[in-house]
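Have the structure open and follow along.

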Amino acid sequence: MRSKKNRLKERRGGIRRRVEKIMKCLCSGEELRADRMIPLSEILATNDYSASGSSSRAAELEQKQDTGNIEEAESSLRESGCLNYEEARALLGRYEYQKGNIEAALHVFEGIDIAVVTPKMKLTLVKKGERRRRRSQSDAAPPMSIHAVSLLLEAIFLKAKSLQCLGRFKEAAQSCNVVLDIVESSLPGGLRVNFGPDCKLQETVNKAIELLPELWKLADSPHEAILSYRRALLHAWNLDVETNAKIQKEFAIFLLYSGGEASPPELRSQMDSSFVPRNNIEEAILLLIILLRKISLEKIEWDPSILDHLSYALSLSGGLRALANQVEELLPGTMNRKERYHTLALCYYGDGDSLTALNMLKKLLSNAENPKYLPALLMASKICGENPNFAEEGISFARRALQSLQGGCEEMGSVANCLLGISLSAHSKSVVADSERVSRQAEAVHALETAGRMIKVRDPKVVYHLSLENAEQRKLDAALYYAKYFIKLEGGSSVKGWLLLTRILSAQKRFKDAEAVINAAIDQTGKWDQGELLRTKAKLQIARGRLKQAVETYTHLLAVLQVQRKSFGSGNKFLKGSGYPDRSLELDAWHDLAYVYISLSRWHEAEICLSKSRAISPYSAARCHAMGMPIF
């Protein structure tokens, strides 16, 4: 019995000495080693960790010993006057968290009364932030040391991490938010105070700022995540440049790909002339441009993904010219020259400046740079194939691409052969000699058929150009076969496929079938994409002598264009192919309708149509031709 008492006395003495070590470390601000920490079972054993359900004598004795341990620890803490119960729990909770005992650590952290210690922490931080003010003898000392504040904030943060590990994301976010609320309310001017090299307060705040948006995302609360990101970037948290850039990048990515629409930020500090983003895309673009500016100023390292995300954002908003400007502003050496020229070419081509894009590609493909760069060769051939004046150069680029492949990837070989066929077809229209034109046309069909065989005729683009080339060569049966196959591959979603099929049928004088096809196409096409289909339908009705029905179709077409123009509004910038009405289609529709009215001898209506045409374009050859007819 005596030996048991001696062992218990020695154990309590050991606990007292280890608690004193903790208090000395805390008061001095030193870092605690894990092997010097007091295990939870020896100091803060609660009923959650007692051997519940056991009625043996040994269990009762162990429970009494644990109770004695708690009393002994509390006695030592009271005697020291340096470390209170919440601070001891913070230390021990960190110890359990570092050991990987997440649930045990969470039980310890939940024992900290946040409501009690929060006012003391705030007051301590306020006094620390006012140290530049002249102190007097009457100034009261802060209720806590700055190291104690740092310890408790770290405990709250680790509680959030523990909850995250247990899948309780919303509670984790709320706990993490407490850390930022305490610091922000105590230091409204920002965390600009240097708390010393041994204080971990700044590190804890940095981690909480980075963690909070991630927790809200895991909790499926995108609005709160966006507010957390904005809070992190707009408040002066004294973040280092790398951390700030990381948050900006993650926020931009979330804005671009989260799928939700956030309300515009409220920037009270901004001047009236300052730019305020109106939607997710604009805010993401602003953040990414800021990151590129930091790269140019050499504040952060080059990150290619920043430019990738900015390319996506500006492509959505029709700002490819702005993207080219950003790429051009990058310092030499930041971006690989090959990628730089190729990216600029893509930007200019997407913005409609094909000539500048082609010049960029020629510079890239020069002997001094990279003459065998396959993506640039293919893109240059594509641009040249769209312009008959450069078709011969397109043939050269496509053949160089095939030579660089040397029988490699069949998919890329199919693309190169397809572009070769397109360039050959475009060049055949500009040659003078009939023999050369026939030769070029035969080569074009052969190149397109080769492209189809390489991928087993699965590429809709190859099939479309096969149909188009056969139709231009008046091989209408083959053209009709490929046109039907193209529509099948596209699932009936391509307007140009329906138009091509209709025109082939009309070339075969099958006007009734062509009109049936165009009606089916209109039924399967959205209202904003029906413009060319309706005009083609009206022309078919004219060919069949049904002029009154053609007038109705043109009237319907013009009404659709007018509503479409009002819906999209004026003064906005739209991407090519976005569905915004082309004024040239409306101009052609007024001219066509005027000719129909002339055929019906309805002169007044024809004059009205021509006046509408003059309002759109004062100089039009078609309108002058109509005005020069004998009746006028």
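## A salt bridge from Glu 154 to Lys 200

Start with Glu 154, which makes a salt bridge to Lys 200 with the closest N and O atoms 3.1 Å apart. (A salt bridge here is a side-chain nitrogen of Lys or Arg within 4 Å of a carboxyl oxygen of Asp or Glu.) The pair ties together distant parts of the chain, 46 residues apart: Glu 154 sits in helix H7 (residues 146–165), while Lys 200 is in the loop between helix H8 (169–186) and helix H9 (201–218). Helices are DSSP runs of H or I with at least four residues, strands are runs of E with at least two, and both are numbered from the N terminus.

Is Glu 154 buried or exposed? With a relative accessible area of 10%, Glu 154 is buried. The cut-offs are under 20% for buried, over 50% for exposed and partly exposed in between, using a 1.4 Å probe and protein chains only.

Before going on, a word on the model: it is predicted, so local features need pLDDT of at least 70 and side-chain atom pairs count only at pLDDT 80 or more, while totals for chains, interfaces and linings use all residues. Residues are numbered from 1 along each chain as its sequence is written, and side-chain values use heavy atoms, with hydrogens and water left out.

How many salt bridges does the structure hold? The count is 31. One of them joins the side chains of Arg 544 and Glu 515, at 2.7 Å from N to O. This pair also links distant parts of the chain, 29 residues apart, with Arg 544 in the loop between helix H25 (531–543) and helix H26 (547–568) and Glu 515 in helix H24 (residues 511–523). Arg 544 is partly exposed at 33% relative accessible area, and Glu 515 counts as buried at 6%.

Arg 535 and Asp 592 form another salt bridge, their closest N and O atoms 2.8 Å apart. Through salt bridges with shared partners, Arg 535, Lys 539, Asp 588 and Asp 592 are joined into one network.

## Two helix pairs

Now look at how some helices pack. Helix H15 (residues 337–350) and helix H17 (residues 374–385) have axes 11 Å apart and pack at an angle of about 25°. H15 and H17 are therefore roughly parallel. Axes are lines fitted to C-alpha atoms, for helices over the stretch in contact, and angles between N-to-C directions run from 0 to 180 degrees. Under 35 degrees counts as roughly parallel, over 145 as roughly antiparallel, 65 to 115 as roughly perpendicular, and the rest as oblique.

H20 and H21 cross at roughly 155°, with axes that come within 9 Å. H20 and H21 are therefore roughly antiparallel.

## Loop residues with positive phi

Asn 238 has a positive phi, near 60°, and lies in the loop between helix H10 (222–234) and helix H11 (241–257). Asn 238 counts as partly exposed, at 46% relative accessibility.

Lys 456 also has a positive phi, near 60°. Find Lys 456 in the loop between helix H20 (434–454) and helix H21 (460–472). With a relative accessible area of 66%, Lys 456 is exposed.

## Two C-alpha distances

His 556 is in helix H26 and is partly exposed, with a relative accessible area of 42%. His 556 and Leu 534 are 22 residues apart along the chain, and their C-alpha atoms are separated by 8.1 Å.

Glu 282, in helix H12 (residues 280–296), is buried at 17% relative accessible area.
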